[in-house]
Amino acid sequence: MFLKMRSILLFCCATVFLVSCSEYQKVLKETDVKAKYDMAEKLYNEGDYRKAVRLFEQIAPKYVGKPQGERVMFFFADSYFKNGDYYLSGYQFERFVKSYPRSDKIQEASFLGAKSYYELSPDYSLDQSDTDKALAKLQTFINNYSESEYFESANAMAKELTAKKEKKQIEVAKQFNKIGEFNLPILISAITAFDNFITDNPGSIYREEALYYRIEAATELAMNSTEDKKQERLEDALDSYNNLLRYFPETEFKKEADKLAESIQEELSTYQNSTLSK
């Protein structure tokens, strides 16, 4: 009896599904814009965004300048977003914001447009063009809608993307540092990169790391410098060590930094004694 009821139930579900698909396919091929609109909104409300967006694609141009246009364009953009088509949702939300600046949905559309580009932001090691665009959009939203319900989320996303860009910067500088062990001009580029990072990102979570690796780069450069540049560069390396301890007295790199400072002091003493004996 149970198996019979289960079979009947499955048959009914399959029938409903087939009828629904048949109805959708029929409306998809029709020229009746109102029928497409009704079906698209029904599918959107049911959470079938993949089918809904195909209908919205067909009818959106027909509603430009009409009272329903605002509603259609928002659902159109949001269907792309909920499908994970973030390039298209970002573009459509931008269009919505420009077309309906007085809309009740303007905050949500601005936020979701920015979030679309946030979702497109790649790993820190890759090109960060989409990250830059997302940050610009998020910052505009933060500046314009400080009282919005989406404000905290926008701030959190902006901080995450900023940290990602900082991560890319610090890793590039560290790579220069690594390569510079065998190429002093590149080591100078590493020091410059660390200096720029420290100056440009005073509140970065990677500031401590940048200060420490600058000591490494400066020490390596000083130890391998010609006599006429050695003292100046050793003193610069020592300044780097002091800067780290000034800002991070309990730094996680304390042990490594102390060893470098000891080597710098020894080399500086040897250099100065050698100079005096001449």
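How much space lies in the largest pocket?

Author: About 230 Å³. This is a predicted model, in which local features need pLDDT of at least 70 and side-chain atom pairs pLDDT 80 or more, while totals for chains, interfaces and linings use all residues. Numbering runs from 1 along each chain as its sequence is written, and side-chain values use heavy atoms, without hydrogens or water.

A pocket here is an open set of points on a 1 Å grid where a 1.4 Å probe fits, with protein on both sides within 12 Å along at least five of seven lines; lining residues have an atom within 4 Å of a point.

The largest pocket has 14 lining residues. Nearest its centre lie E94, V97, S110, K137 and T140. Three helices (DSSP runs of H or I, at least four residues) each give two or more residues to the lining: α5 (86-99), α6 (106-120) and α7 (129-144). Helix α6 gives the largest share, five residues. By class, seven lining residues are nonpolar, four polar and three charged.

Aromatic rings pair if their centres lie within 6.5 Å, and planes over 60 degrees apart count as edge-to-face. F74 and F93 are edge-to-face, 5.9 Å centre to centre, with 65° between the planes. Both are buried, meaning under 20% relative accessible area.

Ring pairs join F74 and F93 with Y44, Y49, F56, F75, F96 and Y100 in a cluster. Y44 is one of the buried residues of α2. Helix α2 spans residues 33-46. Just after α2, G47 takes a positive phi of about 85°.

The structure holds 16 aromatic pairs. Another one is Y213 with F253, also edge-to-face: 6.0 Å centre to centre, 65° between the planes. Y213 belongs to helix α10 (residues 207-223). F253 sits in the loop between α11 (227-247) and α12 (254-277), 40 residues from Y213. Y213 and F253 are both buried.

Two rings meet a charge instead. A charge sits over a ring if NZ of Lys or CZ of Arg is within 6 Å of the ring centre and within 35 degrees of the ring normal. The charged end of K167 sits over the ring of Y124, 5.6 Å from its centre. R207 lies over the face of Y247, 4.8 Å from the ring centre.

Note on methods. Expected span 1.5 Å × (residues − 1). Buried < 20%, exposed > 50% of the residue type's maximum accessible area, 1.4 Å probe, protein only. Points joined across faces, edges and corners; volume = space filled by probe spheres on them. Nonpolar A, V, L, I, M, F, W, Y, C, P; charged D, E, K, R; others polar. Phe/Tyr/Trp six-rings, centres within 6.5 Å; stacked < 30°, edge-to-face > 60°.
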